[in-house]
Amino acid sequence: MSIEAKSPQARIESLLACMTVEEKVGQLGMFADMVRPFAPDVNPDANVRNAAEVLEQVRAGRVGALFNGVGAALGREIQRVAVEESRLGIPVLLAADVIHGMRTVFPIPLGEAASFEPDLARRTARATAIEATAAGLHWTFAPAVDVARDQRWGRGAEGAGEDVFLGCAFAAARVRGFQGDDLRAHDSLLATPKHFAAYGAVAAGMDYNYVEISDGTLRDVHLAPFKAAFDAGALTVMTAFNDINGVPASANRMLLTDVLRGQWRFPGLVVSDYTADMELVAHGYAADDRDATLRAFSAGMDMSMQSGFYAAHLPALVASGEVPMAALDEAVRRVLWVKEAIGLLDDPYRSLDPVREADASLPAAHEALAREAAQRSIVLLRNEGELLPLRRDARIALVGPFARDRDNIEGCWTLFGDKSRYVTLEAGLRAALADGAALEVVDGCALEAPLAGGIEAAVAAARGADVVLLAVGEPQRYSGEAQSRTRIVLPPAQQALAEAVAATGTPVVVLLRNGRALALEGAVRDAPAILVTWFLGSQTGHAVADVVFGGCSPSGRLPVSFPHDSGQQPLFYNHPRTGRPETPEMSEFKARWREYPNAALYPFGHGLGYGRIEYGATRVDAAELAWDGRLVVRAQVSNTGARAAEEVVQLYLHDRVGSRVRPVRELKGFHKIALQPGQTREVAFELDRGLLAFTRADGSHDAEPGLFDVWIAPSSAAGEPAQFRLLAPPHQPA
Ligand code: GLC
């Protein structure tokens with residue numbers, strides 16, 4: 001039966017009216033796509049062996065979506081079976097984890113957040129969507145919008161760091177980039193903010209662990225980026241593995257129905273994370289598979305990923321009346337509505353064009369963007385004596401296990417990258433040098449182990465060089481899912497290499513590769529110059545060389561705080577005040593550790609460029625902000641250096657007194673500006689009470705009158721504040 005052309009709603013209702021319960025339940029099932037090889041280098045025989053079973057399920061109308069396969073031709077075959085051989089001809093959604101690039105790989109999301117340029121993230125997401133839809137995909141499980149305040153957790157790499165304001169900006173930008181301006185366009189990729197919710201707040205930074213959290217922090221920190229993503233047009237959301245205060249997110253009615261539907265009026269579909277409904281039994285929240293199905297579905301989870309529980313148990317739950325048919329219909333309606341919204345009911349073969357897939361010009365067009373995104377994600381932590389930028393005719397030793405490495409360039413959650421196009425550090429540096437052959441390259445050690453003679457060779461190379469570029473960091477498998485670490489430090493073999501190379505006295509520039517903030521130690525911490533390079537993707541080598549040789553000034557700023565020590569976790573700049581804050585004068589019996597102050601080694605927002613940036617005083621245009629008024633805050637920012645630079649001018653606020661203890665500072669705005677040598681620019685921010693609002697003690701969300709500090713500063717730990725007073729609403733006494 002074909003889906004005749006009617007109004008969208010009428011077409012959905014007419015479909016629904018003739019669906020059997022099994023067909024309805026079929027729309028709520030998502031399974032790994034065993035028809036299309038996961039990726040060229042994964043064993044296609046294992047995948048294809050199950051293809052017949054999957055196609056049979058598609059033919060029976062039992063599949064709503066498939067995920068993590070690619071390929072337009074086989075995608076067309078899946079869709080042909082769905083449309084022409086199933087009873088109702090409902091197309092299948094084809095999804096995948098396309099997080100930060102498809103064939104062309106961009107920096108990990110945490111790295112891109114360091115650019116403090118949401119529009120750059122929109123552009124890379126758009127390029128990703130173009131490549132992903134060309135590879136036969138309709139839907140990506142991104143952006144991850146989890147706020148990560150504990151760097152022991154490995155999945156901070158997939159998000160935008162520790163700050164909710166920055167997180168909201170990047171969540172919205174990535175959704176707009178993936179989806180584009182027209183959801184029905186062949187290159188629009190359905191976005192999925194994940195993981196709903198508070199996954200970044202897992203206790204002890206241990207993945208999948210429990211979450212104990214106040215309602216205020218849940219709403220103001222962890223839910224806000226999802227709301228930003230939905231406001232930007234996201235039509236799907238993925239549930240999280242963790243519980244929230246004892247109720248697993250994937251069966252959490254407060255989240256999936258009360259907030260999502262009741263408060264936010266979210267019209268789209270909720271999909272579980274991988275077997276998250278099955279895991280309700282392991283959580284001890286469901287007695288058995290049937291109970292897990294009932295609890296997840298009743299809480300508001302529309303689509304079940306991979307467990308098969310909905311197919312196995314929902315028909316019986318509907319027959320028994322435990323799941324009302326109306327509730328089943330509502331979930332199916334949302335799935336069909338999303339398929340309709342992206343044009344799949346009109347054009348089931350949308351985004352399944354082998355000719356477009358074969359067009360190699362698409363990825364090639366994205367190389368320049370990949371290089372730009374990588375350049376602008378790099379953060380210069382330190383540059384003693386202005387060691388950087390280097391001369392192109394300098395004698396350079398490139399030392400470390402990442403020097404020639406191609407396997408740790410893309411970062412976590414990169415399933416489909418074209419590795420043949422990756423530019424290694426060695427390749428990028430050689431291409432940038434006056435005499436590329438002059439670059440001496442020594443691994444010095446393996447990623448996690450010494451190499452016989454490695455340190456000796458590295459020391460010899462260091463002794464013969466003007467400067468060492470020390471390429472050290474985390475193997476990419478140290479971050480991403482299920483990669484929580486107790487000590488966020490370099491592997492010991494790499495630390496030993498750093499100590500030996502530094503001992504030669506040759507100046508060292510650290511090129512750090514990392515998927516989280518790290519506790520830098522010894523010679524790495526003390527190196528005169530340190531560049532945080534995250535995992536930069538396809539154009540790693542060229543982008544690092546561009547910064548190292550001054551082709552561009554580093555302009556990234558830290559989206560996560562770098563601690564003094566691994567023990568300082570969770571560590572985040574916008575922490576609530578305490579009753580015993582440490583002061584420069586007093587540290588006895590104050591909130592701090594024996595070994596370190598309650599502060600970062602390098603704070604959120606920190607980063608240097610090749611200019612010399614100076615800030616004038618923060619000034620407010622008025623001492624008072626009327627309840628419904630606006631207030632402009634401004635400062636002069638100058639580049640007194642000899643080189644052009646870009647500066648991320650940041651706006652922070654602090655609410656002196658609140659009905660709940662307030663953070664010591666909160667980012668409420670940022671502008672990235674270019675400054676030529678000698679140039680001064682005035683940067684202004686306009687405030688209104690919306691920026692001051694929070695979830696108050698009575699659960700309402702608004703600002704509270706009173707005194708505020710405001711900074712325009714280069715980081716979350718810099719600058720002197722100005723003050724202003726928010727006046728009470730006209731009818732309310734101050
Ligand atoms: C994983 C991840 C999730 C991903 C999903 C599908 O376990 O938690 O982010 O989208 O499964 O691969």
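This is a predicted model: local features need pLDDT of at least 70, side-chain atom pairs count only at pLDDT 80 or more; totals for chains, interfaces and linings use all residues.

Trainee: OK, and how many residues surround the ligand?

Mentor: There are 14 residues around the ligand, and the closest are Asp-97, Arg-155, Lys-194, His-195 and Asp-273.

Trainee: What classes are in that shell?

Mentor: Seven residues of the shell are nonpolar, two are polar and five are charged.

Trainee: Back to Asp-97. How far is its polar side-chain atom from an oxygen atom of the ligand?

Mentor: That distance is 2.5 Å. For His-195, an N or O atom of the side chain lies 2.7 Å from an oxygen atom of the ligand.

Trainee: Where is His-195 in the chain?

Mentor: His-195 is in the loop between α8 and α9, and α9 covers residues 215-231. The peptide bond that joins Lys-194 and His-195 is cis, with omega about 0 degrees.

Trainee: What are most peptide bonds?

Mentor: Most peptide bonds are trans. Another cis bond in this model joins Ala-142 and Pro-143, with omega about 10 degrees. Pro-143 belongs to the loop between β4 (139-140) and α8 (164-179).

Trainee: Changing topic: what is phi at Asn-68?

Mentor: Phi of Asn-68 is near 65 degrees, which is positive in a residue other than glycine. Most residues other than glycine have a negative phi. Asn-68 lies in the loop between β2 (65-67) and α5 (72-85).

Trainee: Now the sheets. What is the strand order in the six-stranded one?

Mentor: The order in that open sheet is β10-β15-β14-β13-β11-β12, with mixed pairing.

Trainee: Why is one side of β10 and of β12 left without a neighbour in the sheet?

Mentor: β10 (379-383) and β12 (440-442) stand at the edges and have a single partner strand each, so one side of each has no neighbour in the sheet. On average, neighbouring strands of this sheet are turned by 15 degrees against each other, ignoring direction.

Trainee: How many bridges join β11 to β12?

Mentor: Three bridges join β11 (residues 396-399) to β12, and the two strands run parallel. Val-399 has Val-442 in β12 as its bridge partner.

Trainee: Which helix lies across β11?

Mentor: Helix α20, residues 492-502, lies across β11, β13 (467-473) and β14 (508-513). The helix runs at about 170 degrees to β13.

Trainee: And the five-stranded sheet, what order is that in?

Mentor: That open sheet has the order β18-β26-β25-β20-β21, and its pairing is mixed. Its edge strands are β18 (624-625) and β21 (666-675), and each pairs on one side only.

Trainee: In which sense do β25 and β26 pair?

Mentor: β25 (residues 706-713) and β26 (residues 722-726) pair in the antiparallel sense over five bridges. To find the pairing on your screen, look for Asp-709, which stands opposite Gln-723 in β26.

Terms used: Residues are numbered from 1 along each chain as its sequence is written. Side-chain values use heavy atoms; hydrogens and water are left out. Two strands pair if DSSP finds at least two bridges between them. Helices (H or I, at least four residues) and strands (E, at least two) are DSSP runs, numbered from the N terminus. Axes are lines fitted to C-alpha atoms, for helices over the stretch in contact, and angles run from 0 to 180 degrees between N-to-C directions. Contact means heavy atoms within 4.5 Å. A residue is near a molecule or strand if one of its heavy atoms lies within 4 Å of it. A polar contact is a pair of N or O atoms within 3.5 Å; within protein, one must be able to donate a hydrogen and the other to accept it, and residues adjacent in sequence count only if both atoms are side-chain atoms. Ala, Val, Leu, Ile, Met, Phe, Trp, Tyr, Cys and Pro count as nonpolar, Asp, Glu, Lys and Arg as charged, and the others, Gly among them, as polar.
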